[in-house]
Amino acid sequence: AGVLSLTLALIIFLLADLIAAWLWSDPALVAPLRVATVVIFSYGLYATWIGVANGLKRFKQQALFDMTFATLKVSAIIGAVLLGAGVTGIFVSFSAVAVFMACLACAVIYLPLKDRKSESSDGSFMGTRKALAYMGSIMGSFLAMNILLQGDVVLLKGFLHEASMRLVGAGEEGWKASALQAWYPSGTGLDALALAREASSAVTGIYAGTRNITMIPYQGIIPLTFVVFPVLSAASFRGDSGESARLVGGAIRFAILLVSLLCGGLVLSEDFVLTLLFGTHYGAGEVFLVPMVMGTLSFALYVVLTSMLTAAGFPALVMLIGLSAALIHLGLLTGAAQLGELPFERAVYIAWASALGPLSGVVLAVWMLFRKLAISFPWLSLFRTLASTAGVTWLVLYLIPLEGILGLGLRFVLYLSMILVSWVLVGELRRAEAQQLRRFLGRKVKP
């Protein structure tokens, strides 16, 4: 892990100039990118040692490390922002935390085990070749998953550069550049190229902020994968196809209900949450909400389905599905980047395209679930849930105007009431699903 992460960090460090020019058309990002390679190397070591703690069933220790890392990272980044350290300073603060946590994990987890004798000299459990093949499948799967999750955000700035150049106007449209320069303090005298980079960065920032908000529903189904994985693995090991089918069907339907419920609530918030968390300018990200929540639903289903295939013993197949979906995703994003004359208009097309990449992964995973495990996807449940959720969301948007926190609260109350009733009427919310939702909301359920 150390050699792999160090090699990757060195490659990015040495090619930072080319990467910044090719992906983002912005040489100002070379320094932050090089600083970020420290995170790549440090986190590669940290993740390995935390994995050792997990393998030793030291779950409390693992949780404490992860909570400490997350707390220090957020604190360091916020501190760098408050101190006006700039983009490079933010990456330096993040890198410092990563190095510290890697060293701490080494001292607390790895070094005490260095001289410990192996409890078993039998290497029959998993040979080196099999272990490398398994690790390669998992790494390929996670690479594909991250492309589906953040590929559009990473590539967006570069995709918008051409449109931004046209907006600020080089040559005949130079007056636009002069007008935009007036927005910058002290008459900075930025040229068209610099202004184009600033315009691309601004739209990308709004897009990324909206993406972070719309990924909240996905976080809700992560615990579901933790529950399903070991149970499905055990059922597959026993050869219990009936138990596997029942578990998969119930988990998929619950994921559809939960993510649809949360996505509808985000659409109801319009620009309120965005402006509250990030500032007034981020309210423009409202236009990305609908395509992004659709992408969130697709991605959440993709993660659930591929987790099930992995649990059933098909990690290599999951990697192939993921890499195929990632290639389709990148192709769709590239195609969408050819549409739209203005940066914001182009970003909207890219947002819609980003919803289709994970959907292709869902289709492939559904097909493989049927072929390998003879499990059918509940398409009718998906259609009924989406149709009822979309209808209720549109009706609440029409009935209650968004006038501050009170209006948003009234929207949520009416939406929750109507959505539950609609799900009961269409037959999607039965006793089992109601119990799961009540458990999720932290209420006790009578057996």
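**Helix packing and aromatic contacts in the predicted model**

Helix 16 passes helix 17 in a right-handed crossing; a crossing is right-handed if the near helix is turned clockwise from the far one by less than a right angle, and left-handed if anticlockwise. The model is predicted, so that local features require a pLDDT of at least 70 and side-chain atom pairs a pLDDT of 80 or more, whereas totals for chains, interfaces and linings use all residues. Residues are numbered from 1 along each chain as its sequence is written, and side-chain values use heavy atoms, with hydrogens and water left out.

The secondary structure of the chain comprises 18 helices and zero strands (DSSP runs numbered from the N terminus: H or I of at least four residues for helices, E of at least two for strands). Of the 447 residues in the chain, 43% are buried (under 20% relative accessible area; exposed is over 50% and partly exposed in between, with a 1.4 Å probe and protein chains only). Among contacts in the chain with a separation of 6 or more, 76% are accounted for by residues 24 or more positions apart (contact: heavy atoms within 4.5 Å).

Two packed helices are described by the angle between their axes and the distance between the axes. For helix 16 (residues 379–399) and helix 17 (residues 404–425), the axes lie 9 Å apart and the packing angle is about 150° (axes are lines fitted to C-alpha atoms, for helices over the stretch in contact; angles between N-to-C directions run from 0 to 180 degrees). Helix 16 and helix 17 are therefore roughly antiparallel to each other (over 145 degrees; under 35 is roughly parallel, 65 to 115 roughly perpendicular and the rest oblique). Helix 16 contributes Thr385, Ser388, Thr389, Val392, Thr393, Leu395, Val396, Leu397 and Leu399 to the contact, and helix 17 contributes Arg411, Leu414, Tyr415, Met418, Ile419, Ser422 and Trp423.

Helix 14 (residues 315–336) and helix 15 (residues 343–373) have axes that come within 8 Å and cross at roughly 155°. Helix 14 and helix 15 are therefore roughly antiparallel to each other, and their crossing is right-handed.

Helix 2 (residues 16–24) packs against helix 3 at an angle of about 120°, with the two axes 9 Å apart. Helix 2 is thus oblique to helix 3, and the crossing of these two helices is right-handed. On the helix 2 side the contact involves Ala16, Asp17, Ile19, Ala20 and Trp24, and on the helix 3 side Val30, Leu33 and Arg34.

The loop between helix 2 and helix 3 contains serine 25. Most residues other than glycine have a negative phi. Serine 25, although not a glycine, has a positive phi of about 55°, and it is partly exposed, at a relative accessible area of 21%. Glutamate 270 is another residue other than glycine with a positive phi, here near 50°. Glutamate 270 lies in the loop between helix 11 (241–268) and helix 12 (272–278) and counts as partly exposed at 21% relative accessibility.

Tyrosine 46 is buried at a relative accessible area of 1%, as is phenylalanine 69 at 6%. The rings of phenylalanine 377 and tryptophan 379 have centres 4.5 Å apart and planes at 55°, so this pair is tilted. Phenylalanine 377 counts as buried at 9% relative accessibility, whereas tryptophan 379 is partly exposed at 45%. Ring pairs also link Tyr43, Tyr46, Phe65 and Phe69 into a cluster.

Helix 3 also includes alanine 31, which is partly exposed, with a relative accessible area of 39%. Alanine 31 and threonine 88 are 57 residues apart in sequence, and their C-alpha atoms are 6.6 Å apart in space.

How values were computed
Phe/Tyr/Trp six-rings, centres within 6.5 Å; stacked < 30°, edge-to-face > 60°.
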